[in-house]
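Dear colleague,

Please find below the structure that I promised to pass on to you. After it I describe, step by step, what turned up when I went through it.

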Amino acid sequence: FPSHDSGMKIDPVLGIDLRDLILYDNQLYLALSSKTYPSQLLRVDGETLTVQQRVNIGAFPDGLDLSPDGKYLYVSHQHFDLHVYERQSLKQLLRKPATLWVSGVTATADGQSVAALLVRNAINSDKDLVRLLDTHTFS
């Protein structure tokens, strides 16, 4: 990685908040949340820290994870859903509704399921760990 003085700036004063990031194959994937602009999923070159791709993803992403094979990128979303993207193209493959705020997301080690925490609210809420997705059928 380059030194910190040549990095990219994410400015919370402008209402942009880094919600999560993942490094895979020298690519950074960032979930940026914003109240005033569309929230975005970014793919950033790990060497130069230049943005290679941006995808508007609605409001308030909350977590990222990759499938064990690196093919899919899972994005939990505060608007009660889980998004599935093809990692290389960032093409959205699925938007799966949930009954509550989806906070955090993780693919199981065998790659067969995606689990997440469902939350009722942001403060003092119980959290339920649930299986949200069967990766073979995307159901």
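**What was found**

The protein has zero helices and 11 strands, where helices (H or I, at least four residues) and strands (E, at least two) are DSSP runs, numbered from the N terminus. Please keep in mind that this is a predicted model, in which local features need pLDDT of at least 70 and side-chain atom pairs count only at pLDDT 80 or more, while totals for chains, interfaces and linings use all residues. Residues are numbered from 1 along each chain as its sequence is written, and side-chain values use heavy atoms, with hydrogens and water left out.

Of the 139 residues in the protein, 45% are buried; here buried means under 20% relative accessible area, exposed means over 50%, and partly exposed lies in between (1.4 Å probe, protein chains only).

The largest nonpolar core has 12 residues in all, among them I22, Y29, L64, L73 and Y85. Such a core is a set of buried Ala, Val, Leu, Ile, Met, Phe, Trp, Tyr and Cys residues joined through side-chain atoms within 4.5 Å. At least two residues of this core come from each of β2 (27–34), β5 (61–66) and β6 (72–77). If we leave aside the neighbours of L64 within four places in sequence, L64 is in contact (heavy atoms within 4.5 Å) with residues including D20, I22, Y29, L41, L73 and V105. There is also a second, separate core of eight residues, which includes Y72, Y74, A107 and V114.

Strands β6 and β7 pair in the antiparallel sense over six bridges, and two strands count as paired if DSSP finds at least two bridges between them. Within this pairing, Y85 of β7 is the bridge partner of L73. The hairpin of β6 and β7 has three residues between the strands, and F80 in the turn has a positive phi of about 65 degrees. On to the next strand: β7 and β8 (residues 91–97) also pair in the antiparallel sense over six bridges, with K91 in β8 as the bridge partner of E86. This second hairpin has four residues between the strands, and there L90 takes a positive phi near 60 degrees.

N26 lies in the loop between β1 (16–24) and β2 and is partly exposed, with a relative accessible area of 34%. L49 is found in the loop between β3 (40–45) and β4 (51–56), and at 17% relative accessibility L49 counts as buried.

How many salt bridges does a search of the whole structure find? The search finds one, a salt bridge being a side-chain nitrogen of Lys or Arg within 4 Å of a carboxyl oxygen of Asp or Glu. R19 forms this bridge with D62, and the closest N and O atoms are 2.4 Å apart. The pair links distant parts of the chain, with R19 in strand β1 and D62 in strand β5, 43 residues apart. R19 is partly exposed, at 31% relative accessible area, whereas D62 is buried, at 12%.

With best wishes
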